[in-house]
Amino acid sequence: MDPQHYMRLALELARSAQGQTSPNLLVGAVCVKDGRILGTGAHLEIGTAHAEVHAPAMAGANSIGADLYVTLEPCAHTGKTAPCTDLIISSGIQSVFVESIDPNPSVNGAGIGLLKVAGIEVITGILQEEAEQLNQAFFHFIRYGKPYVTLKATATLNGRLSTQNGDSKWITSAASRTDVHHLRHTHDAILVDVQTVLHDNPFLTTRLPHGGKNPIRINLDRHLRTPNQRMLLQTAL
């Protein structure tokens, strides 16, 4: 089977945890031997086992001589969990396919280096662009030292934000509004100014069919003009 097939599966596993792992990254892993998938994994929540731990653990003793496909370079340092490289080495994995190298200074090639020293073959660069896109906010922050910002704006074809008398509630479609809630679910914070709060009285919460994670809500209000009755404050507790 083409290595890209397993890498795409690893990417899908990683995406399944969107909105759950921040400030950790989205990571997926697949353990394969003789064309058979023996184990899969995703990092589901900060402080829990990483994807490249779940997959070999699911494979058990069959991981000896197997290949591991992972969307991000395995960590080589101790944080809230033990180094993933230790588990990979002890599990008997023979080859590790890494989609993207972790630019975090505490990793940045160290994980790959330890695997190679242990005699494990490491192949990098398969679907690298897709893997970096998966965690684009993190890669942007590490490379530029700035937060990744998504601008959400809507306007009519003639450049208006509402009807002339201002009584319109939405000028976007239902599909577009669902996309907005998905953005809230996958972002750490949402920022508006006090004019939006006064005119629209938004909740700024995430309301997806399955619920979702609420971002930190930020209201730029230098002169404390926001009334206590606004939903932003009423739903703050």
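This is a predicted model: local features need pLDDT of at least 70, side-chain atom pairs count only at pLDDT 80 or more; totals for chains, interfaces and linings use all residues.
Cys31 is in no disulfide, and the nearest cysteine sulfur, that of Cys84, is 14 Å away. Cys84 has its closest cysteine sulfur in Cys75, at 3.5 Å, which is too far for a bond. Both sites are tucked away from the surface: Cys31 is buried with a relative accessible area of 0%, and Cys84 is buried with 1%. Here buried means under 20% relative accessible area, exposed means over 50%, and partly exposed is in between (1.4 Å probe, protein chains only).

Cys31 also turns up in the largest nonpolar core. This core has 22 residues, and Cys31, Leu68, Ile88, Ile93 and Val96 have the most contacts inside it. A nonpolar core is a set of buried Ala, Val, Leu, Ile, Met, Phe, Trp, Tyr and Cys residues joined through side-chain atoms within 4.5 Å. Among the elements that each supply at least two residues of this core are strand 1 (28-33), strand 3 (67-70) and helix 6 (136-144). Helix 2 gives the most, with three residues. Helices (H or I, at least four residues) and strands (E, at least two) are DSSP runs, numbered from the N terminus. A second, separate core of 17 residues includes Val30, Ala42, Tyr69 and Phe97.

Now look at helix 4 (residues 110-117), whose buried residues are Gly111, Ile112 and Leu115. They sit on the same side of the helix because they cover an arc of only 100° around the axis, judged by the directions from the helix axis to the C-beta atoms. Helix 3 (84-91), strand 4 (95-98) and strand 5 (121-124) are included in what covers these residues. Facing away from the buried side are the exposed residues Lys116 and Val117. After helix 4 comes Gly119, with a positive phi near 90°.

Finally, step back to the whole chain. Its domain assignment gives domain 1 (3-144) and domain 2 (149-236), with bounds that come from an automatic or database assignment. Their C-alpha centres lie 36 Å apart.

How values were computed
Residues are numbered from 1 along each chain as its sequence is written. Side-chain values use heavy atoms; hydrogens and water are left out. Contact means heavy atoms within 4.5 Å. A disulfide is a pair of cysteine sulfur atoms within 2.5 Å.
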